[in-house]
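Thanks, everyone. Have a look at it first.

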Amino acid sequence: MPLLPLTQLPAWPAFEQAVLHARPDLNQLRLIEAAGLSLDFSGQRHSNDYQSAAEQLLAQRNFAEQRQVLLSGGIANPTENRAAWHNLLRTPAATAEVIHERERLNAFIRDADLGRRWRHIVHIGIGGSDWGVRLSVGAFGYTKLWRNVRFVANIDGHAIEAGLADLNPHDTLIVVASKSFTTAETLQNGQRALEWLQAAGVKKPFEQLVAITARPDRAAKWGIAQNHIFKLWDWVGGRFSLWSSVGLTTALSVSADVVAGMHSGAAAMDKHFETAPFDSNAPIQMALHGIANRSILGIGSLNIAPYDSRLAYLVPYIQQLEMESLGKSVDVTGNPVPVPTGPVVWGMPGTDAQHTFFQWLHQGSDGAAVDFIMCQQADHRWHNHHQSLIANCLAQREAMLRGKSIDQAYEECISQGHDPEESKWLAKHRTHQGGRPNTLIVLPRLSPYHLGALLALYEHKVFVQGVIWGINPFDQWGVEYGKNLASDIINELNNQPCAKQHDTSTSYWINLLKAN
Ligand code: F6P
């Protein structure tokens, strides 16, 4: 399929120049409202030239048609010849089979709740089969839950050991979430959980196991009964599967209403993404600033700074979403993308982050773009805590935006009683270049609706960036390669023949470990 490299699009040079010449305007508020969220883009470079070049860029990438393909279940993932139709999962008007599966799941949840069953839940899954559930349970179950919920992802045996420790096996539901039902971590941890149930004398252990998968055949072969297998479809990417039956653990932990609320917020963001004009379309504007920061200004990373301790898992969630989707350097035709693509994504909730790495963000030589995220209202009763939290978020952002000139720093030192010579020296350490790009995203409260909208915002942003860079954000061949190599090495460690050649160092370690 024909696709021009990004830098050969007629609009690219104008976009590039507009970004290089624009500056955040400290006297201008640039706010976009989307699905109940407020996005303040005042800290990003913007100008009229920028906006018109950006719109031409989108037109030259046939963005509107590609968005339609995505939202209507067309082949948005060409290297796997699949749709990426996660938006369907959150609309009330889904297809009959999606609605049927939703109803089956809801019936299971209702029965469990009515029967006060499953005091303990162990959710076994990794990557997209884990982060979204951890995030939503952490966001809405941060105080005590009726059910005791554990997550086990890592293949490290300590993870499953800790996940099962001290639980009552007779009242524990094991949820095995794996789209492919081949992921080594999940299957091995699932096997350990099964053995744990058996060892405890549970008579019908498979009645305490539930599988969520796009491969019900594999789950059935593993021993799980049909009525305990909930389906997702191959058109749901792993990192988007939160919206599918993978949400079972969320519903059992923090209620089906939370899941439904998240779905409505995400659906509202889908609508906004589909219908809002480009210049007031939040995911589109966010994506364009990301491209400007990464591909033109050369900023290598995006820091996620949620000023809400309930959103700790938002960081790895967005990390997987962005880095697995955009960590690619060839376009859909197989040609190299001529500019740097997806940035490193990292972060930590504020204010902890301030005392960990914000110094680097303020005065380090590289800097990063920052997404500040905060809630206007808290859900606890200590007003002054929330005021301080918000003040910190706004202050850190203001520092990055405005910086501090050498003259200001000098005056500050003088006013603090330092002599002029010392003030000159100290001022050099206290200046702050400012102008570091950032976006502020404000939720009225951390409600399920607003969290759903926030996640869909990032999903669509990633999609738009994929379209502009020309890459497929829905595959992950690099990860698949590593998975295959790992299974070869496991075979070798088990003394099974392997035709694969290794490099000298890998062979050395395999042989050493085999000898021990
Ligand atoms: O990390 C690679 C990956 O394939 C992710 O895309 C996915 O979320 C994760 O592994 C788990 O895959 P599965 O749900 O098939 O077990």
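Let's start inside. The largest cavity has a volume of about 150 Å³. Keep in mind that this is a predicted model. How many residues line this largest cavity? The count is 16, and Gly290, Asn293, Leu302, Ala369 and Lys461 lie nearest its centre. Of the elements, α12 gives the most, with five residues. By class, the lining divides into five nonpolar, seven polar and four charged residues.

How many cavities of 30 Å³ or more does a search of the whole structure find? It finds two. Helix α11, residues 256-275, gives the most here, with three residues. Four of the lining residues are nonpolar, three are polar, and none is charged.

Now the open space. The largest pocket has a volume of about 1000 Å³. Its lining takes 42 residues. Nearest the centre are Ser180, Thr183, Gln476, Glu480 and Lys483. Which elements give two or more residues to this pocket lining? They are α8 (184-199), α13 (314-326) and α19 (477-493). The largest share, nine residues, comes from α19. The classes split into 15 nonpolar, 16 polar and eleven charged.

On to the strands. β1 covers residues 31-34, and β2 covers residues 37-40. The two pair in the antiparallel sense over four bridges. Leu31 has Asp40 in β2 as its bridge partner. Together, β1 and β2 form a hairpin with two residues between them. In that turn, Ala35 has a positive phi of about 50 degrees.

In a regular strand, side chains alternate between the two faces of the sheet. With that in mind, which face of β1 is covered, and which is uncovered? Ile32 and Ala34 make up the covered face. Leu31 and Glu33 make up the uncovered one.

Next to β2 in the pairing comes β11, with three bridges joining these two antiparallel strands. Here Leu39 stands opposite Ile441 in β11. β11 itself runs over residues 438-443, and six of its six residues are buried. Asn438, Leu440 and Val442 point one way. Thr439, Ile441 and Leu443 point the other way, and all are buried. So much for the faces; what about the other pairing? β10 and β11 pair in the parallel sense over six bridges. Val370 in that pairing has Asn438 in β11 as its bridge partner.

Last, the domains. The assignment gives four entries. Domain 1 is 6-22 + 31-77 + 263-402 + 436-469. Domain 2 is 88-262, domain 3 is 403-435, and domain 4 is 477-515. How far apart do the C-alpha centres of domain 1 and domain 3 lie? They lie 33 Å apart. The contact takes nine residues from domain 1 and nine residues from domain 3.

That's the tour. I'm happy to take questions.

How values were computed. Residues are numbered from 1 along each chain as its sequence is written. This is a predicted model: local features need pLDDT of at least 70, side-chain atom pairs count only at pLDDT 80 or more; totals for chains, interfaces and linings use all residues. Side-chain values use heavy atoms; hydrogens and water are left out. On a 1 Å grid over the protein atoms alone, a cavity is a set of points where a 1.4 Å probe fits but cannot get out, and a pocket is an open set with protein on both sides within 12 Å along at least five of seven lines; lining residues have an atom within 4 Å of a point. Grid points are joined across faces, edges and corners, and a volume is the space filled by probe spheres set on the points. Ala, Val, Leu, Ile, Met, Phe, Trp, Tyr, Cys and Pro count as nonpolar, Asp, Glu, Lys and Arg as charged, and the others, Gly among them, as polar. Buried means under 20% relative accessible area, exposed over 50%, partly exposed in between (1.4 Å probe, protein chains only). Two strands pair if DSSP finds at least two bridges between them. Domain bounds come from an automatic or database domain assignment. Contact means heavy atoms within 4.5 Å.
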